[in-house]
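Hi,

Here is the structure I promised to pass on. Have a look at it first, and my notes follow below.

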Amino acid sequence: MATLFISDLHLDEARPHLVDAFEDLLAGEARAVQALYILGDLFESYIGDDDDAPLNARVARATRKVRAAGVPVYFMHGNRDFLLGEDYAARAGMTLLPVPTVVELGGEPTLLMHGDTLCTDDAAYLQFRKLVRDPVWQRAFLAKPLAERRAFAAQARGESRKHTANAKPEIMDVNQAAVEAAMRQHAVRRLIHGHTHRPATHRFDMGGNKAERIVLGDWYEQASSLALP
Ligand SMILES: [Mn+2]
């Protein structure tokens with residue numbers, strides 16, 4: 001049985017057809033796999049498990065049904081939905097995975113990551129990441145009223161768009177040395193990640209061994225998933 005991977009869905013009320021596409025995938029193909037892995041950025045923005053947005057309830061319903069059908073659903077944080085916590089995960093029937101995680105697929109140890117930490121040339125982003133991943137910052141943020149958190153998320157999205165538009169394209173991609181360092185650290189020859197929205201399979205030599213980096217596609221225009229044996 002295959003294992004299904006998705007990432008960078010960026011689900012948002014503003015793109016309802018992609019929420020429909022997500023429900024279709026979860027009602028169909030995702031029911032006939034060994035496991036479903038969501039490698040981050042399931043949501044365009046995520047401001048806390050107490051968010052009462054209908055979209056969040058709808059997504060949780062879809063993933064819970066997959067779990068109820070006997071398919072484990074694993075979720076890893078992206079740079080948009082890193083505040084997704086155990087409460088929501090429980091409601092959604094998802095198991096939270098640390099970043100990174102190594103899983104064995106068809107006998108091949110495979111490193112799974114969102115991918116943002118591989119973009120080591122983007123110093124401005126890594127600085128922002130350090131701030132918002134700080135537990136003290138997160139506790140203070142989650143204590144703010146929902147409306148205030150929504151406003152912050154909208155502003156952060158705007159700044160991220162500006163940054164992406166202005167930064168050099170190579171800065172927004174992974175750094176090959178960071179890729180190889182992560183793979184060596186976890187003793188794998190295969191890596192799967194998302195984040196860059198540059199779906200491809202990259203094959204390269206790593207210390208005399210064949211190595212492979214699979215990049216998942218984003219859902220800004222259309223659905224995208226990867227089934228691996
Ligand atoms: Mn991302």
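This is a predicted model: local features need pLDDT of at least 70, side-chain atom pairs count only at pLDDT 80 or more; totals for chains, interfaces and linings use all residues.

Let me start with the overall dimensions.

On the inside, buried residues account for 34% of the 229. If you take the contacts between residues at least 6 apart in sequence, 72% of them join residues at least 24 apart.

As for secondary structure, you'll find 7 helices and 10 strands. The bit I'd look at is an open sheet of 5 strands, ordered β5-β6-β7-β9-β8, with mixed pairing. β5 and β8 (200–206) sit at its edges with a single partner strand each, so one side of each has no neighbour in the sheet. From one strand to the next, the twist averages 25 degrees.

Now the two ends of that sheet:

- β5 (residues 101–105) pairs with β6 (residues 108–112) in the antiparallel sense, over 5 bridges. Val-103 is opposite Thr-110 in β6. The hairpin has 2 residues between the strands, and Gly-106 takes a positive phi there, near 55 degrees.
- β8 and β9 (residues 209–215) also run antiparallel, joined by 7 bridges. Here Phe-204 has Ala-211 in β9 as its bridge partner.

Cheers

Methods
Residues are numbered from 1 along each chain as its sequence is written. Helices (H or I, at least four residues) and strands (E, at least two) are DSSP runs, numbered from the N terminus. A residue is buried if 20 or more other C-beta atoms lie within 10 Å of its own, exposed if 12 or fewer, and partly exposed in between; C-beta atoms are placed from the backbone. Two residues are in contact if their C-beta atoms, placed from the backbone, lie within 7 Å. Two strands pair if DSSP finds at least two bridges between them. Axes are lines fitted to C-alpha atoms, for helices over the stretch in contact, and angles run from 0 to 180 degrees between N-to-C directions.
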